[in-house]
Amino acid sequence: MIQYEIERLRRDRPYSMQVNHFHDHYEIYYLLSGKRYYFIQDRSYFIQEGDLVFIDKNQLHKTRNVDEETHERILLSFDDRWIRSIGEDASTHLLVPFVQKQHVFSLSGTNRTLVENLLFQLLREQQQALGGWQLNSRALFTQLLIFCSRMTDRISTAQDHAPQSHNPKIFEIVAYINEHYRNRLTLASISETFYISPSYFCRSFKETTGFSFVEYLNNVRIREAQRLLRETKLKVIHIAEQSGFDSVAHFGRVFKQVTSQTPLECRKLMRLSQ
């Protein structure tokens, strides 16, 4: 199970994430070179080199290519156990960037140099694994997030990042799905509610979010199901109903498809990790 890891990856050909993506750990995504579209929760952002992206726990997100652009990025992943290992009040100071509504920070000049140096040091610590590397990683990691927390109000933020294709109706539909996922939602009902043709809706939704309508709806519902599995003692059949599924069989199939686990396996693992 993840506590902390960091990786650097370069792709020399166009790449878009093919899998549905949300998880119960935090991510910091730094784009070293190239350009990307990044869908986070209910918006799509255009990001480029020097941009730092913060992904909170259980936020639906997906990256995809811009034209034929190659890219290189650093991805830092960690969970609450790693934060707790730093100190009792660490989350108060270190998780500030994750609770802001702005997800993307544009770095330049000395700010960019400082963040890149910290990230490269973290990469070296993990790769070399010398004595005390985890302790030094915690120190570097703490310095990185304290810096970002202090700069939150001053760094150019996601407000400067326009969506790939500014389509207010699609974002309106995304917000509607996020609020009404418990109801029976179909392609036809969405198209009728928002006065949009099914074909145009499917094409525009995919272009704007990177997800198909069904993929996005299923992920929103499964994310809620995971919350209920973790925080309640409800039976699986009731969790399926409250998450918007018509049958527990369908719920089980979709849950396994999205998480690679059964609902009961997921509940057991969540309780063991608490």
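At 1% relative accessibility, Phe105 counts as buried (buried means under 20% relative accessible area, exposed over 50%, and partly exposed in between, with a 1.4 Å probe and protein chains only). Phe54 is buried too, with a relative accessible area of 1%. A quick word on where this comes from: the model is predicted, so local features need pLDDT of at least 70 and side-chain atom pairs count only at pLDDT 80 or more, while totals for chains, interfaces and linings use all residues. Residues are numbered from 1 along each chain as its sequence is written, and side-chain values use heavy atoms, with hydrogens and water left out.

## Aromatic pairs

Two numbers do the work here: a pair of aromatic rings is described by the distance of the centres and the angle of the planes. Rings of Phe, Tyr and Trp (its six-membered ring) pair if their centres lie within 6.5 Å; planes under 30 degrees apart are stacked, over 60 edge-to-face, and the rest tilted. That rule gives 20 aromatic pairs. Take Phe54 and Phe105: the ring centres are 5.2 Å apart and the planes sit at 85°, so this one is edge-to-face. Phe54 belongs to strand β5 (residues 51-55) and Phe105 to strand β8 (residues 104-106), so the pair ties together parts that are 51 residues apart in sequence. (Helices, H or I of at least four residues, and strands, E of at least two, are DSSP runs numbered from the N terminus.)

Then there's Phe251 with Phe255, also edge-to-face because the centres are 5.6 Å apart and the planes are at 65°. Both lie in helix α11 (residues 248-259), four residues apart, or about one turn of the helix. Phe251 is buried at 1% relative accessibility, and Phe255 is buried at 0%.

## A ring cluster, and charges over rings

Which residues do ring pairs link into a cluster? They are Tyr4, Tyr26, Phe54, Phe78, Trp82, Phe98, Phe105 and Phe141.

Trp82 also has Arg138 lying over its face, at 4.4 Å from the ring centre. Elsewhere, the charged end of Arg221 sits over the ring of Phe245, 5.8 Å from its centre. (A charge sits over a ring if NZ of Lys or CZ of Arg is within 6 Å of the ring centre and within 35 degrees of the ring normal.)

Three strands make an open sheet, ordered β4-β3-β6, with antiparallel pairing (two strands pair if DSSP finds at least two bridges between them). β4 (43-48) and β6 (61-65) are the edge strands with a single partner each, so one side of each has no neighbour in the sheet. From one strand to the next, the twist averages 25°. Strand β3 (residues 35-40) pairs with β6 over five bridges, and Tyr37 stands opposite Arg64 in β6.

Helix α8 (residues 198-209) lies across β3, β4 and β6, running at about 90° to β6. Contact here means heavy atoms within 4.5 Å; axes are lines fitted to C-alpha atoms, for helices over the stretch in contact, and angles run from 0 to 180 degrees between N-to-C directions. Arg203 is found in α8 and is partly exposed, with a relative accessible area of 44%. Its C-alpha atom is separated by 9.5 Å from that of Phe213, 10 residues apart along the chain.
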